[in-house]
Amino acid sequence: MFEYILRLLILLPLVGGMAWGSLWLWKRVQMGVPLVGGATKTRAIEMVDVLPLGPGSKLAVVEFAGQRILVAVSRSGITRIADDSQGDFHAD
């Protein structure tokens, strides 16, 4: 019985840490954040934020040429919803 409890106390935090680590890694990969520190190359387009709405659909704020654009991303395509050309987001 003591061996069972000892294994449980060792393996439970290990499995929990692996689950947390895999979720953390998945989130970083989805956002396009580099996994390794150091010099990152400058990109013309940057993903500012993403909000998942359901399976296969999300809202994203993309920065391009100093302008932020709100887009809807789904399995059928990408649709521009709004931009901040006048200082604040305005719907098209």
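Reading the salt bridges and burial in a predicted model

Q: Why is Asp83 called buried in this predicted model?
A: Asp83 has a relative accessibility of 9%. Buried means under 20%, so Asp83 counts as buried.

Q: Where in the secondary structure is Asp83 found?
A: Asp83 lies in strand β4, which covers residues 77–83.

Q: Why is the pairing of Arg80 and Asp83 called a salt bridge?
A: The N to O distance between the side chains of Arg80 and Asp83 is 2.7 Å. The cut-off is within 4 Å, for a side-chain nitrogen of Lys or Arg and a carboxyl oxygen of Asp or Glu. The pair therefore qualifies as a salt bridge.

Q: What makes the contact between the side chains of Asp83 and Arg80 a polar contact?
A: The distance given for this contact is 2.7 Å. A polar contact needs N or O atoms within 3.5 Å, one able to donate a hydrogen and the other to accept it. The side chains of Asp83 and Arg80 therefore also make a polar contact.

Q: Why is Arg80 called partly exposed?
A: Arg80 has 45% relative accessibility. Buried is under 20% and exposed is over 50%, with partly exposed in between. Arg80 therefore counts as partly exposed.

Q: How do you know that Glu63 and Arg68 meet in a salt bridge?
A: Their side chains are 3.7 Å apart, N to O. The limit is within 4 Å, so this pair counts as a salt bridge.

Q: Are Glu63 and Arg68 buried, exposed or partly exposed, and why?
A: Glu63 has a relative accessible area of 26%, and Arg68 has 35% relative accessibility.

Q: How many salt bridges does the rule give?
A: The count comes to 2 salt bridges.

Q: What makes up the secondary structure, and in which pattern along the sequence?
A: The protein has 1 helix and 5 strands, in the pattern α-β-β-β-β-β.

Q: How much of the protein is buried?
A: Buried residues make up 8% of the 92 residues.

Note on methods
Residues are numbered from 1 along each chain as its sequence is written. This is a predicted model: local features need pLDDT of at least 70, side-chain atom pairs count only at pLDDT 80 or more; totals for chains, interfaces and linings use all residues. Side-chain values use heavy atoms; hydrogens and water are left out. Buried means under 20% relative accessible area, exposed over 50%, partly exposed in between (1.4 Å probe, protein chains only). Helices (H or I, at least four residues) and strands (E, at least two) are DSSP runs, numbered from the N terminus.
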